[in-house]
Amino acid sequence: MDAVTSASPRIILICSGKGGVGKTTLTANLGIALARLGERTVVLDADFGLRNLDLLLGLENRIVYTAQEVLAETCRLEQALVKHKQEPNLALLPAGNPRMLEWLTPEDMQRIVAMVAERADYVLIDCPAGIEDGFKNAAAAAREAIVITTPEVSAVRDADRVIGLLNTRGVAPVQLVLNRVRPKMMASQEMLGVDDVTDILALPLVGLVVEDEQVIVSTNRGEPLTLNGNGSPAAKAYQNIARRLRGEDVPLEDPSKARRGLRARLMNKIRKTTGLF
Amino acid sequence: MTLFDFLQRLLGRQKPSGTMAKERLQLVLAHDRSDLNPELLEQMRREILEVVQRYVEIDLEEGDVSLETEDRVTALVANLPIKRARPLPALVAAAAAVGMAQAPDAEPAPQELAVPLASEPAEEPSPADPD
């Protein structure tokens, strides 16, 4: 372990309310990106009913123990933490397995996170969808949160509920990631714009991820985009989120307003006024 | 976008769907956040109008009581055009006592009352209270 241990590790809940908006993908990519920046990072899959973080990280065959065994003291924490081979700064801890008989309680969650936090700079908690017990468990141990949403009415509405619950629990700061952005549709106003979503949810934006086919490819392979440092737009976006979390000032650019040159600007103008293309 | 949609937009008959999404969201979130169902809101609206009507005659056709939301703060906004104040001397005296008197033959003027509500539904007992 490093001699220079940060006194208080960042414990960040990654949640959305609605399922399928990209929580787990964000957790996996952010985990790798932070680890590559030298941060000792643990990603905790709090969604043990439908756990998938192992699959996205390509670690599905290496899970032997879970947080449940650690809490029951049938194994040590080191045995349950699954280290990523290519990125040893990153470890995965599943909260439990789908066959688990007893659900974890918020107190269990606090205990396991406290144990993990002793050996990490960042703990990312992948929250289950919904706002019921699974969410409450996952939120119990979090200090801050990232809410991820897509520019769709259902996702934004659910995000709003989650933000309300985080506020009443005193989790702060809460920051926003807008996922699956389609700049063309935004420019022609056939999709909620970046400003629309940030206005409605009134949260500071920590990242914008454009819709990117490479996300699907990387999921198929079990290798997060940030692992190989390829230049795909989503990979870049995830890396930038990691840098912003560490306090770096990385400018955020609204891709639907990107101005690349006179021609692009003109086309944008035409697109906006006519809704064509 | 289909050609039909395009023509509709060109003629100004249809808003772009992103704009509609924003408007619909703002409305539904105002209700979600206040945790008031439409029935309760309607009841409250009626009662507010009743109280206001005791003091002034208002234009029921034009009157509007609704929830609006901005920056995660939901406000109850009442827009009630006043036809004239009730000429009851007792009422006028009572109002004058609290500095709210209005000339009996005042011009109809819409009065906007904005009452901020709690921004979050009270679902959790308190942040300190573990469940």
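**View 1. Crossing of α7(A) and α9(A) in the predicted model.** Helix α7(A) passes α9(A) in a right-handed crossing, the near helix being turned clockwise from the far one by less than a right angle. The axes of α7 (residues 153–169) and α9 (residues 194–201) of chain A come within 10 Å and cross at roughly 30°. The two helices are therefore roughly parallel (angles under 35 degrees). Axes are lines fitted to C-alpha atoms over the stretch in contact, with angles from 0 to 180 degrees between N-to-C directions. The model is predicted, with local features needing pLDDT of at least 70 and side-chain atom pairs pLDDT 80 or more, while totals for chains, interfaces and linings use all residues. Residues are numbered from 1 along each chain as its sequence is written, chains are lettered from A and ligands numbered from 1 in the order written, and side-chain values use heavy atoms, without hydrogens and water.

**View 2. Packing of α9(A) with α2(B).** The axes lie 11 Å apart at an angle of about 15°. That makes α9(A) roughly parallel to α2(B). Their crossing is right-handed.

**View 3. Elements of chain B.** Chain B has four helices and four strands, DSSP runs of at least four residues (H or I) and at least two (E), respectively. From the N terminus their order is α-α-α-β-β-β-α-β.

View 4. B:Leu11 sits in the loop between α1 (3–10) and α2 (17–34) of chain B.

Conventions
Parallel < 35°, antiparallel > 145°, perpendicular 65-115°, else oblique.
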